[in-house]
Amino acid sequence: RVREFCQAEIEHFLDPNDKSHPKFKLIKDMKLALYTADAQTGGTPIMHTSIADALEKGLIQSETMGYFLARINLYLTAVGIPADKLRFRQHMDNEMAHYACDCWDAECKTSYGWVEIVGCADRSCFDLNAHALATSTKLIAQQKLETPVTREVLEVSLKKAVFGKAFKKQSGAVTAAIHALSDEEKEKMKVVLASDSYKLKIEDDSFEITADMVVGIAKVTKTEHVREYVPSVIEPSFGIGRILYCILETNFKVRESDEKRTWLDLPPLIAPTKCSVLPLSNNPVFVPFIERLSADLRKLGIPNKVDDSSGAIGRRYARTDEIGIPFGITVDFDTEKDETVTVRERNTCSQIRVPMSEVAALISRLCSDQLSWADAKQSYPEFTAQQTIE
């Protein structure tokens, strides 16, 4: 744990009576590693199942919760968390907040064990009710009804002057809470007020309603054109520092052929520097080509680093690997002859030969996941010359 904790949160409000999601069909077949509350208490292993199956079995409580778990999974794997080190653990009853309907943590397996990096909670109507109580403001959503609804309801008529004097700034929130009670609860209030005071619970607070505050509780016929409700909220919460740590730890690797050569397997999508530009040597003939390449990359918004320092090309490759630069462009003596360069991929160390006029666009497509390295190797000839660290 750290003193300062940077978080990024989404507050997704929805109808508590309809927690479907319009894009659920796009992710319903995605499989997640789910560690349910029952599995934790029963000692059973993690379940790998589709989101649709988890919803059908009641493991996930709503389409919207399933949708956000899927998007969290897509995000974490896209930024470099390995799928085999990622699980979604459901909160057990003894750690679930009293107001929560469902809560899951995305956890990453690290050298410290399983670490929570994202939380996703269905916080029901707790947040808006709490804000409404604190600000004496109705925080509701309205749904226009296609067909007006006429029905008999119990209506509580309040003595506003007495009510306002008793509850002051909170009178608005208390009034809204009374009107939001079910007919069954209003009937109970009517019976209780005949001989005693009624205790109104709003989240963790209790308010005493006495008979002198109420004019009457009676049935009235109402025609409703608009439905009012307090929205629920589903809140995905991302721990930025923890995610970054897990990316660095799980992507720090060692070359099998040489334990001294380490490399950082950052996905091109998030690598701060996307590409290095390397002259084969300090020969002045390479300078115009280096400048042209760097300018072409900048025009496409590709962060790049020119490394024209002395030393063997293999050693400079190793330096760029250590800081996670996914691609390297090398200018050599063949560049002067035919204006082609080599493009090297960090993970496999394989290289292809690419015309200078096409290389910037190629790097852009590789770094934006529009093209895989395997597909690039099919489009350009492989460069087979062996480079060694001297």
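This is a predicted model: local features need pLDDT of at least 70, side-chain atom pairs count only at pLDDT 80 or more; totals for chains, interfaces and linings use all residues.
Visitor: Is strand E17 largely enclosed by the rest of the structure, or is it open?

Guide: Strand E17 covers residues 327-331. Phe-327, Ile-329 and Val-331 point one way from E17, while Gly-328 and Thr-330 point the other way, and all are buried. Because five of the five residues are buried, E17 is largely enclosed.

Visitor: Which residue of E17 is the bridge partner of Val-277?

Guide: Strand E15, residues 275-279, pairs with E17 in the parallel sense, over five bridges. Within E17, the bridge partner of Val-277 is Ile-329.

Visitor: Which residue of E18 is the bridge partner of Thr-330?

Guide: E17 also pairs with strand E18, residues 340-345. That pairing is antiparallel and has four bridges. The partner of Thr-330 in E18 is Thr-342.

Visitor: Which residue of E20 is the bridge partner of Gln-351?

Guide: Strand E19 (residues 351-355) and E20 run antiparallel, joined by two bridges. In E20, the partner of Gln-351 is Phe-383.

Visitor: How are helices H6 and H7 oriented to each other?

Guide: The axes of H6 and H7 come within 9 Å and cross at roughly 120 degrees. Angles of 65 to 115 degrees count as roughly perpendicular and those over 145 as roughly antiparallel. The two helices, H6 and H7, are therefore oblique.

Visitor: How many charged residues does the contact of H6 with H7 have?

Guide: On the H6 side the contact is made by Phe-163, Gly-164 and Phe-167, and on the H7 side by Ser-171, Val-174, Thr-175 and Ile-178. By class, four of these residues are nonpolar and three are polar.

Visitor: Is Lys-168 buried or exposed?

Guide: Lys-168 has its place in the loop between helix H6 (160-167) and helix H7 (171-179). Its phi is near 50 degrees, a positive value in a residue other than glycine. Because the relative accessibility of Lys-168 is 60%, and the cut-off is over 50%, Lys-168 counts as exposed.

Visitor: What is the relative accessibility of Asp-369?

Guide: Asp-369 is found in the loop between helix H13 (356-367) and helix H14 (373-379). Phi of Asp-369 is near 65 degrees, a positive value in a residue other than glycine. Asp-369 counts as exposed because its relative accessibility is 58%.

Visitor: Which residues are in contact with Leu-158, leaving aside its neighbours within four places in sequence?

Guide: Leu-158 is found in strand E8 (residues 141-158). It is buried, with a relative accessible area of 17%. Leaving aside the neighbours within four places, the residues in contact with Leu-158 are Phe-163, Thr-175, Ile-178, Met-213, Val-214 and Val-215.

Visitor: How many aromatic pairs are there, and how is the pair of Tyr-67 and Phe-68 classed?

Guide: The count comes to seven aromatic pairs. The ring centres of Tyr-67 and Phe-68 are 5.5 Å apart, and both residues are buried. Because the planes of Tyr-67 and Phe-68 stand at 75 degrees, this pair is edge-to-face.

Visitor: How is the ring pair of Phe-286 and Phe-333 classed?

Guide: This pair links distant parts of the chain, 47 residues apart: Phe-286 is in the loop between E15 and H10, and Phe-333 is in helix H12 (residues 333-338). Phe-286 is buried, with a relative accessible area of 1%, whereas Phe-333 counts as partly exposed at 40% relative accessibility. The ring centres of Phe-286 and Phe-333 are 5.0 Å apart and the planes are at 55 degrees, so the pair is tilted.

Key. Residues are numbered from 1 along each chain as its sequence is written. Side-chain values use heavy atoms; hydrogens and water are left out. Buried means under 20% relative accessible area, exposed over 50%, partly exposed in between (1.4 Å probe, protein chains only). Two strands pair if DSSP finds at least two bridges between them. Axes are lines fitted to C-alpha atoms, for helices over the stretch in contact, and angles run from 0 to 180 degrees between N-to-C directions. Angles under 35 degrees count as roughly parallel, over 145 as roughly antiparallel, 65 to 115 as roughly perpendicular and the rest as oblique. Contact means heavy atoms within 4.5 Å. Ala, Val, Leu, Ile, Met, Phe, Trp, Tyr, Cys and Pro count as nonpolar, Asp, Glu, Lys and Arg as charged, and the others, Gly among them, as polar. Rings of Phe, Tyr and Trp (its six-membered ring) pair if their centres lie within 6.5 Å; planes under 30 degrees apart count as stacked, over 60 as edge-to-face and the rest as tilted.
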